[in-house]
Amino acid sequence: MAFLKTQGRTKERFSLLLLDLEEYYFEQHTAYHVTTSSNKEKKVRGSLKVCSRSIIFDPEDLAKPILKIALRDCKKIEFLDRENNPFHEPRPSAISILCVQVIYIKESNVIAPYRNERGAKKETFELEGWSKTEDVVQTLLQLHRASCLEKLGDQTAMIAANLQSRLARSFFDKNCFQSVAEKPHMECAVEMVMPLVSNPGHVCITDESLYFQPLNGYPEQVIQIQLHRVRRIYKRRHGLRPLGLEVFCTENDFCSDIYLKFYKTADRDEIYYYIATFLENHITEHTAESYMLQWQRGHLSNYEYLLHLNNLADRSCNNLSQYPVFPWVINDYTSERLDLTNAATFRDLSKPVGALNKERLDQLLARYRGMPEPCFMYGSHYSSPGYVLFYLVRVAPEHMLCLQNGRYDHADRMFNSIGDTWKNCLEGATDFKELIPEFYGNDSGFLENKLRLGLGRRQNGSLVEDVVLPPWASDSRDFLQKHRTALESQYVSEHLHEWIDLVFGFKQRGGEALAAHNVFHPLTYEGGINCDSIEDPDQRIAMLTQILEFGQTPKQLFTTPHPQRITPRFQNITRSPSSNSPVSDLSPASQSEDSSFEDLTEESRKLAWANMGNLKPISSHKIHKEAVTGIAVSLDGSAIFSTSQDTTLKMFSKELKDFQRSMSFSNMALSSCLMLADGKTVVCSSWDNHVYFYSIPFGRRQDTLMGHDDAVSKMCWFDDRLYTASWDSTVKVWLCASDGSSSHKRSQFQLLAELEHDAGVNTIGLNPVGTLLVSGCKDGAVTIWDTGSYATVQQIHCHTGTIHHMAFSPDSRHVLSVGADWCMKVTDVQTGMVISTVKAVEEQRCFCWDGNLVLCGGQSGDLLLWDLLSNTVIQRIPGHSGAVTAMWMGELCSTVITGGDDRQIILWKLLS
């Protein structure tokens, strides 16, 4: 299994799991266990381990058991001097231990519950290097005094002082460097953390590698991780304090390569940032928002996304108190066939496990209402060390024995059946546990008793063997495959965000948690208590132990509702022709309702975006006297219209490669233009507060709309409705109907709505089907409106300056905005959450995007191709000599036209 990865480093029978919880292994000595039977002395060679609370003897003969003597059970530890009597055979010095209990482990080399033999016993050990015997005895006597102290806090403090003394007297051995040319950056004392145990030593980081050298040389003399192999690093809470660092050399594995606990937060942070310099875009890549965007758009599976959220929420396979948590997703463990098309097959992901059974929930709520502070609904957590090992006992029996003082749980309480476990989670008075990642992985070993462990006999007489699977699974591999398929199913993809809200999101705490019946004991939440504020050491240790054993709620990642995933069902929204984006790549006849042609068109767009890096300029033309502000193209693509701050609308012929017409409507700048669906009218907005309609066939202004009290900044058009944005802090919606006598003359402008804002509106955009409008203001506010009711759907202050441009994604799920703060932000329409923030390399003024890739026009004049999933610039394409101020893209995305501060328009084409 994943968290057993580190065990592969050693094949010794001894394990740190033989120690008590919170115990340290200090040193080992080759020694002989001396026994006397019938006046005959017998010696067994092995390794004597000196630990902070016990002595362990591991014999070389695997048939003999490992002996463990707790120091608190020792009545006398003494040094037996060597005998030099000339009449007897010389006898080396020895260690004599008088104790009241000896624990026998792995008898006959079998993993089984420990055997405790009580009664007065005397054990004798002779060190092979007998000259060290007296020193070892002195060490044991010191540790024995610590173990016999009355208060646990005093015991812990004395052992910690011993450990720190050992660490201070030792240093990292630089002879272990892989290369003599390596340059060390820093070294400090740390502990390597593994499930239930930790191992003290020294970490040293160089310009090439991260090294950990255990104080005791176990499991090996040095562990090396080359920095160029590191893919992810995370800061961790360890023991509720910011001291942990976890390093991964893989992208999607949930088991790390090393987890280190530092003694000082500053040491942890220095090594974290040093490693981060070796990771490209580390700080921006690994955020909950960037992973969310990848998951929403189908670039991460549900399984991968949950792993990433667990990692970001401080969950680690090396910490059983914060082990990754996954949801139960299936409700049917009795049918012969698993029907993933039936919603009844699935668990309700909008409720915590404790709220799935209404009758049980009513009883819990009745108790909750009468409970004194601190009150909670559930007396146990959904994830704890006990629950993790409940599932994994067949592959991690030594961990279970370590956690439960050398014993397995009662056979009837073991993980015997998946169906019975789910039933108990629904009906049990104190069982609210969720699942772990292994239930959706590829290794089915945890469901099978391959080690032939003696896990006990149940009351019905049956032995605890393999886990009983549901009828719809032919074997354990089939179960995992179907379970993983269920996790990635349409139903779960559509509802997983609801479970994320409960575990990682806004329903984790406060009033939303109360309304969702999602309230656990206050101690399980991050920040629920500051253990350092508890002055009594005994109380502090007891409180910390209680928290770690009870389980901990993940770190809260989201404080607003999590967006739903974009599933194929939602991706079928057909992109309707918008007059704001006229078609030049297609003729009008190509807007057929034939689905196969639509599919072909969509494939063409995808192919174009995949090759957007091949965009090349085919011609450039300086036709204005000031900056270009808007671009529109005739339906047949033959004519290009552009507006400018020089007050003119110009018509440029692609065939003649020259401008044919120049129109001026007032002495004020024109701010934007668009082509109406009839292909015969260009609409221009102006800083003089007016909107002008220009007839292409008649070559003159045909209408003027005097609509605002300040400059009109941007316009959109859909189905005879004109949307105008203005610096007067309004967006107005007009019905612009044609009269019967002329298809070009607009006889009336009926004001349908006036949408108020707190600041001047600088840009607006419609979604492809015209049902949503987004507006961006000078104060950085983004507002999403319902065009049917004109009600506000979302309002978010996400920029710190003027918003230059914004647009919906093709599927209408997201809005991308760019502003004067140099930031590119992706906002989820459904929840209003800013799910991605990119600090650009320069101020961006305009863009086109497909939901993943963004073609931006920047302040430098270059076009930048951004990948929002990785927050990186894929390509920089040289363009204008001044800022890019306007951009137009054809329907098939293979033609682009840009305008700039340099007064030019540039025509671009995708070259295959």
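Lys-106 forms a salt bridge with Glu-398, with the closest N and O atoms 3.0 Å apart, a salt bridge being a side-chain nitrogen of Lys or Arg within 4 Å of a carboxyl oxygen of Asp or Glu. This pair links distant parts of the chain, since Lys-106 lies in the loop between β6 (94-105) and β7 (115-127) and Glu-398 in helix α9 (residues 397-403), 292 residues apart. Lys-106 counts as buried at 10% relative accessibility, and Glu-398 is buried at 16% (buried means under 20% relative accessible area, exposed over 50%, partly exposed in between, with a 1.4 Å probe and protein chains only). The model is predicted, so that local features need pLDDT of at least 70 and side-chain atom pairs count only at pLDDT 80 or more, whereas totals for chains, interfaces and linings use all residues. Residues are numbered from 1 along each chain as its sequence is written, and side-chain values use heavy atoms, with hydrogens and water left out.

By this rule the count comes to 34 salt bridges. Among them, Arg-452 pairs with Glu-465, the closest N and O atoms being 2.7 Å apart; Arg-452 is exposed at 56% relative accessibility, while Glu-465 is partly exposed at 27%. Arg-236, Arg-237, Glu-246, Asp-314 and Glu-526 are linked in a network of salt bridges.

Helix α5 (residues 288-296) and helix α6 (residues 302-312) pack at an angle of about 175 degrees, with their axes 10 Å apart (axes are lines fitted to C-alpha atoms, for helices over the stretch in contact, and angles run from 0 to 180 degrees between N-to-C directions; helices are DSSP runs of H or I with at least four residues, strands runs of E with at least two, numbered from the N terminus). That makes α5 roughly antiparallel to α6, angles over 145 degrees counting as roughly antiparallel, under 35 as roughly parallel, 65 to 115 as roughly perpendicular and the rest as oblique.
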